[in-house]
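Hello,

Here is the structure you asked about. My notes follow below it.

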Amino acid sequence: MARSDAGKLSLILLMTPFLMWIVLLIILPQIGIGYLSFQEKVGPRQYVFGVGNYVEFLSEPIYWNTLLRTAWMSILVTILALMIGFPVAYYIAKIARKRSRAALFLLCLIPLWVSDLVRAFGWIVLLRETGVISGALQSVGLIGGPVELLYNDITVVIGLVYTVVLFMIVPLVSTLEGMDNSLLEAGYNLGGTRFTVFRMIVVPYAMPGIVAGCIIVFMLTAGSYLTPILLGGKNSMWFTEQIYTQFITRYNWESGSTFGVLLLLFTSAVVWLGLRLTGQNLASTVAKE
Amino acid sequence: MFDLQGDSLTKRFGSFTAVRDVSFEVPSGSFFSILGPSGCGKTTLMRMIAGFEEPTSGDIRIKGTSVVGTPPNKRNVKMVFQHLALFPMMNIGENIAYGLKCRGENKVDIRRKVGEVLDRIGLPGVEEKQVSQLSGGQKQRIAIARCMVLEPDVLLLDEPLGALDLKLREHMKIELKQLQHQFDTTFLYITHDQSEALVMSDNVAVMKSGRFEQIGPPEQLYHAPQTAFVAGFVGDSNRFEGRLSARAGDEARVTLDAGGEMVARLGQEGLSDGAAVSVFVRPEAISAHATRGAAAADMVAVEGTVDSLLFNGANSRLLVKLDDGTQIESSHTTGAGAGARFAPGDRVTLTWAVADGLCFAAEGGA
Ligand SMILES: Nc1ncnc2c1ncn2[C@@H]1O[C@H](COP(=O)(O)OP(=O)(O)OP(=O)(O)O)[C@@H](O)[C@H]1O
Ligand SMILES: [Mg+2]
């Protein structure tokens with residue numbers, strides 16, 4: 001009896017901070033934002049319940065174009081991060097020797113020591129018209145005058161990949177580390193080429209890590225603000241920028257909330273679609289035996 | 001015709017030599033075991049045959065053709081890994097079909113062959129099951145089927161029974177032998193368990209620190225070992241350390257380190273007087289008597305006190321402590337009609353024929 005009471009108590013003590021965090025910081029604000037998004041302004045300080053904000057979003061192409069563009073670019077960033085992150089993770093988990101593994105992993109984490117903002121400015125220092133790369137290219141004589149490498153989509157994508165690739169590498173390394181080398185050897189022994197072993201053994205084995213990494217990276221990218229604004233400038237057309245504008249510049253909280261809700265729903269829908277298309281499900285990703 | 005031949009195979013890792021000048025020949029359709037203690041280089045040797053390690057020197061021939069330099073996926077030797085390495089993300093059918101798919105066979109053939117091989121191993125209709133749904137022994141058979149469906153020239157097995165519990169291991173020993181007969185394929189089996197090697201094999205190579213000490217059929221290794229290591233490692237033996245004091249024909253007179261003298265048969269040539277030697281006597285060659293009779297001329301007799309009785313059915317043992325402190329194991333019949341029965345503390349005389357004691361140069365010594 002006393003035992004189970006103690007068990008209950010420790011469960012309560014464990015769960016309370018977690019539940020408070022979820023409720024206070026995630027559920028309540030979302031409910032608030034959801035509620036706000038259904039408030040139509042009919043006069044000064046006068047609101048009625050309605051879907052006017054959503055209608056306004058749909059009737060203004062610049063809004064939903066920005067949302068679609070954000071989604072596409074986020075998907076592109078996710079794919080690039082996977083393509084770059086996978087070989088790196090594979091090297092760290094399977095090829096590097098035990099001793100250098102920890103060092104390499106730590107090396108990957110170093111960028112996290114520096115804040116987002118400072119990292120983005122790092123890119124600006126490199127890429128602006130009077131920046132390091134432009135200057136170097138001029139002094140070598142490859143280009144005649146200064147070039148502006150900032151404020152275009154490619155730069156934004158590169159910057160975003162750089163920021164998020166780490167979140168792809170970490171889950172991949174941890175799944176790949178669990179893979180027994182003898183699985184690969186069995187794959188070759190039974191007649192597989194490098195490609196078949198990769199396609200039929202490595203990728204399916206790493207699938208939970210791939211799915212987890214892609215979801216994290218996609219969500220982080222779609223919700224990122226600093227990098228697209230600083231590297232893309234006025235041209236970036238990132239959806240979070242629209243949300244910021246509505247909340248802060250226009251002081252139109254109802255519209256901002258609507259955009260927030262739409263971003264959440266839309267990215268969730270993309271993740272769901274991605275899982276469906278690749279035949280994965282969230283449960284098997286999170287809880288792998 | 002030999003399915004597999006090794007020619008002075010050597011493998012060095014840096015300055016460490018894991019396999020040293022190993023040569024062997026495995027006849028077609030036979031069961032060949034490599035028996036040796038942990039770390040003697042068995043896995044390294046097998047990995048060279050499978051192509052995962054390049055030999056530092058020497059040659060490997062499969063069906064007469066050298067495969068040195070051939071990548072692992074082009075060699076027709078298949079391997080059952082120590083922990084089986086079944087692919088967890090595929091079901092049983094896909095696991096077995098994997099090799100066939102790699103070969104590019106068509107779907108209909110693959111399905112038929114998978115069904116056939118599952119029938120042969122006695123697990124029909126498990127195609128759709130997941131790996132985790134099978135028992136240890138069933139997984140074992142699937143791992144073998146996954147290789148056998150490809151009809152390899154040689155099947156390599158690296159301590160495949162190591163992960164099973166004792167009871168299942170005993171059962172799988174017999175089953176493996178039957179599977180080998182049924183598929184009529186050459187098996188190369190690695191183990192550190194001498195009973196596995198003796199029960200299943202046509203030929204056994206005993207390996208020690210990277211070298212083959214002796215190759216031969218199990219009976220030969222058991223009854224006619226050629227070195228002290230083989231005599232001590234294969235089967236149970238009592239060991240007496242001493243120095244060779246005189247030789248007459250194939251008989252050796254040994255002065256024991258613990259005191260006393262013993263006559264035994266010379267197990268190897270080229271021993272000189274004064275050399276450090278070990279004498280090995282199998283427990284089943286020893287018989288225990290309660291009364292002291294006059295020992296026959298060609299018998300060795302020692303006296304001691306019964307320490308304990310180890311009952312194990314037909315394998316029961318009598319532990320006897322000799323007056324000089326040496327402990328000896330002797331076989332002990334305990335059946336209803338058995339003769340003398342002993343209790344701890346009884347005085348006994350142990351006797352064996354001189355020819356049953358084998359004298360070798362001591363290990364480590366010259
Ligand atoms: N890649 C390697 N690099 C360096 N040394 C190695 C390597 N592989 C094996 N060894 C060494 O070679 C020796 C033999 O190893 P091996 O795995 O062949 O032993 P084994 O007979 O299979 O032992 P066990 O019965 O424990 O499996 C060991 O001392 C091991 O440390
Ligand atoms: Mg081994």
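By class, the shell around ligand 1 has four nonpolar, five polar and two charged residues. Here Ala, Val, Leu, Ile, Met, Phe, Trp, Tyr, Cys and Pro count as nonpolar, Asp, Glu, Lys and Arg as charged, and the others, Gly among them, as polar. This is a predicted model: local features need pLDDT of at least 70, side-chain atom pairs count only at pLDDT 80 or more, and totals for chains, interfaces and linings use all residues. Residues are numbered from 1 along each chain as its sequence is written, chains are lettered from A and ligands numbered from 1 in the order in which they are written, and side-chain values use heavy atoms, with hydrogens and water left out.

The shell (a heavy atom within 4 Å) includes Phe13(B), Lys42(B) and Glu159(B). Helix 1 of chain B gives the largest share, three residues. Helices (H or I, at least four residues) are DSSP runs, numbered from the N terminus.

Oxygen atoms of ligand 1 meet a polar side-chain atom of Thr44(B) at 2.6 Å and a backbone N or O atom of Gly41(B) at 3.0 Å.

Now the interface. Contact (heavy atoms within 4.5 Å) takes 23 residues from chain B and 18 residues from chain A. The rule finds one salt bridge across it: Arg47(B) to Glu185(A), 2.8 Å, N to O. The term needs a side-chain nitrogen of Lys or Arg within 4 Å of a carboxyl oxygen of Asp or Glu.

Regards

Note on methods. A polar contact is a pair of N or O atoms within 3.5 Å; within protein, one must be able to donate a hydrogen and the other to accept it, and residues adjacent in sequence count only if both atoms are side-chain atoms. Helices (H or I, at least four residues) and strands (E, at least two) are DSSP runs, numbered from the N terminus.
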